[in-house]
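Have a go at each task before you read the solution under it.

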Amino acid sequence: MTEDDQVNVRDDDELLTIGAFAARARLTAKALRLYDRLGLLAPARVDEVSGYRYYRAGQVDRARLVALLRQLDMPLARIAEVVETGGAEGADLLAAHWAETEARFAARRTLAEYLRGRLSGRSSEMYEKFEVTTVDLPEQVIITETRHVLADELPSWIPASLGRLEEAAVACGGTTGAPFVAYHAEVSMESDGPAESCVPVADEAAARTWAAAQGRTRRIEARVEPARKLAYTRITKAQVAHPQIIAAFEAVEAWMKREGWEYDGPCREIYFADWDAAGPEDPVCDVAFPVRRG
């Protein structure tokens, strides 16, 4: 170790009062107390008698990093992870967080534009983008998984639950139609449904046997879905994202009202394409309502 290295070690180990450390870190003593309380930056020593906090000069960089990360509205647990990891891996964690932040902001921007259209009375213009028609579905046996879920949980829960059901369908005679998700009540950031993932299968007896064997780990059911008429519109992968999909649902409802149809069951999303292979403009989903004449 050189003489300069020894000086640097001594400098880093220098104990500073909270006021002196705050001045060097360009922060306030109040902020440092908060970081301590949040578990992000603990003092090097706390006097047992006076309760005074002392920091090492070497903690300055960490204090400044924590302060900057907090300006990104980063969750405390993520800040701690980035700071503790550091280096290129810490930079990758920060990049992942920022990508998530930008995605959320983009979704909010799209929602704001959609709401501006509604408030400006341009709803009919938005609905004209969707072509609505009807189809008759025959009676079908389905296996289902139901869960109370918020809107931001749908992108992970839908593929996971449908994947489980499609795997189980092998023991139920195989699938006989496109999987779908039925919404029995509003699903939003404030309302958690419930939503029901459904897969049509061939063998009713085998389906009921499989469902009975699942116990209570999930809300699993096998039942016969009656023949229905659906009013639906076909949307692309890009339009499945919130809030674009809201406009699709509302377009079908507006068409139903205009054409004299009434609701005959919960609305649904029918997934007929390979989601992973589809591009943003490829049709992947039918937004549908069971209907009957009033």
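**Exercise 1: the second largest pocket**

The second largest pocket is lined by Thr110, Glu113, Tyr114, Met126, Lys129, Phe130, Gln239, Pro243, Gln244 and Ala247. Bear in mind that we're working with a predicted model. Your task: find which elements give two or more residues to this lining, and sort the lining by class.

Solution. 
- Step 1. The elements that qualify are H6 and H11. Helix H6 covers residues 87–119, and helix H11 covers 244–259.
- Step 2. H6 makes the largest contribution, with 3 residues of the lining.
- Step 3. Sorted by class, the lining has 5 nonpolar, 3 polar and 2 charged residues.
- Step 4. For the volume, put down about 240 Å³.

**Exercise 2: H6 against H11**

Stay with these two helices: at what angle do the axes of H6 and H11 cross, and which residues meet?

Solution. 
- Step 1. For H6 and H11, the axes cross at roughly 35 degrees and come within 9 Å.
- Step 2. On the H6 side, Thr110, Tyr114 and Arg118 make the contact, and they meet Gln244, Ile246, Ala247 and Glu250 of H11.
- Step 3. The class count for this contact is 3 nonpolar, 2 polar and 2 charged.

**Exercise 3: H6 against H5**

Now turn to H5, residues 76–85. Are H5 and H6 roughly parallel or roughly antiparallel to each other?

Solution. 
- Step 1. The packing angle of H5 and H6 is about 155 degrees, and their axes lie 7 Å apart.
- Step 2. Angles over 145 degrees count as roughly antiparallel, so H5 and H6 are roughly antiparallel to each other.
- Step 3. H5 brings Arg78, Glu81, Val82 and Thr85 to the contact, while H6 brings Gly87, Glu89, Gly90, Leu93, Leu94, Ala96, His97 and Glu100.

**Exercise 4: the largest pocket**

What is the volume of the largest pocket, and which element gives the largest share of its lining?

Solution. 
- Step 1. The volume of the largest pocket is about 1,500 Å³.
- Step 2. The lining has 40 residues, and those nearest the centre are Ala151, Leu154, Val240, His242 and Ile245.
- Step 3. At least two lining residues come from each of H6, helix H8 (154–168), H11 and strand E11 (267–271).
- Step 4. H8 gives the largest share, 7 residues.
- Step 5. The class breakdown is 26 nonpolar, 4 polar and 10 charged.

**Exercise 5: around H4**

Take helix H4, residues 60–70. Which residues of H4 are buried, and what covers them? Then look at Gln59: is Gln59 buried or exposed?

Solution. 
- Step 1. The buried residues of H4 are Val60, Ala63, Val66, Ala67 and Leu69.
- Step 2. Think about spacing: an α-helix has 3.6 residues a turn, so residues three or four places apart point the same way.
- Step 3. The cover over the buried residues of H4 includes helices H2 (18–25) and H3 (29–37), strand E3 (53–56), H5 and H6.
- Step 4. Gln59 sits in the loop between E3 and H4. With a relative accessible area of 16%, Gln59 is buried, since the cut-off is under 20%.
- Step 5. Beyond its neighbours within four places in sequence, Gln59 is in contact with Phe21, Leu41, Ala42, Pro43 and Ala44.

Terms used
Residues numbered from 1 in each chain as written. Predicted model: local features only at pLDDT ≥ 70, side-chain atom pairs only at ≥ 80, totals over all residues. Heavy atoms only, no water. Axes fitted to C-alpha atoms, helices over the stretch in contact; angles between N-to-C directions. Helix = DSSP H or I, 4+ residues; strand = E, 2+ residues; numbered from the N terminus. Parallel < 35°, antiparallel > 145°, perpendicular 65-115°, else oblique. Contact = heavy atoms within 4.5 Å. 1 Å grid on protein atoms, 1.4 Å probe; cavity = no way out; pocket = protein on both sides within 12 Å on 5 of 7 lines; lining within 4 Å. Points joined across faces, edges and corners; volume = space filled by probe spheres on them. Nonpolar A, V, L, I, M, F, W, Y, C, P; charged D, E, K, R; others polar. Buried < 20%, exposed > 50% of the residue type's maximum accessible area, 1.4 Å probe, protein only.
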